[in-house]
Amino acid sequence: LREIHTTGEGTLSAVGDDSLDAALVFDVLQHVKDWEELFGNIVRCLHPGGRLLINPSVLSHPGKVDADNLRSVLSRHNIRITSRRACRLMHYKHFTEDEIWVCETCTSRDDDAGG
């Protein structure tokens with residue numbers, strides 16, 4: 001298990017292609033200016049068929065994109081939402097009721113390239 005922390009301005013450039021089995025995106029989307037770049041890099045780093053867990057609670061922040069826009073970004077990067085699960089998360093020493101999107105990347109780089 002390897003843990004990689006990046007900030008909203010951070011990049012995944014130090015992470016090799018196809019080097020991760022899974023990625024977690026929790027409580028960061030509101031800090032990221034370019035979601036296209038973020039999810040493009042995540043897909044590059046994940047093995048084909050890799051898993052991605054997203055906490056989309058950012059969608060409730062004023063002025064941020066809505067769930068349909070997030071789904072569109074994921075779709076453009078061949079990330080498929082396989083399930084949505086309610087959960088309790090510890091957030092700044094308080095439990096909150098929230099949702100997790102369980103996602104999967106395309107199964108091969110050929111799928112990603114459209115052929």
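I started at a helix pair: Trp35, Glu36 and Phe39 in α1 meet Leu70, Val73, Leu74 and Arg76 in α2, where contact means heavy atoms within 4.5 Å.

A note on the source: this is a predicted model, where local features need pLDDT of at least 70, side-chain atom pairs count only at pLDDT 80 or more, and totals for chains, interfaces and linings use all residues. Residues are numbered from 1 along each chain as its sequence is written, and side-chain values use heavy atoms, with hydrogens and water left out.

Next I looked up the geometry of that pair. Helix α1 (residues 35-45) and helix α2 (residues 67-76) pack at about 40°, their axes 9 Å apart. I noted the crossing of α1 and α2 as right-handed, meaning the near helix is turned clockwise from the far one by less than a right angle.

Then I stepped back to the fold. I found three helices and four strands in the protein chain, counted as DSSP runs (H or I, at least four residues, for helices; E, at least two, for strands). Along the sequence they follow the pattern β-α-β-α-β-β-α. Of the contacts with a separation of 6 or more, 66% join residues 24 or more positions apart.

Which cysteines count as buried? Cys45 does, at 1% relative accessibility, and so does Cys106, at 11%; buried means under 20% relative accessible area with a 1.4 Å probe, protein chains only. For the chain of 115 residues, I noted 32% as buried.

Last, I checked for disulfides (cysteine sulfur atoms paired within 2.5 Å) and found zero.

Methods
Buried means under 20% relative accessible area, exposed over 50%, partly exposed in between (1.4 Å probe, protein chains only). Axes are lines fitted to C-alpha atoms, for helices over the stretch in contact, and angles run from 0 to 180 degrees between N-to-C directions.
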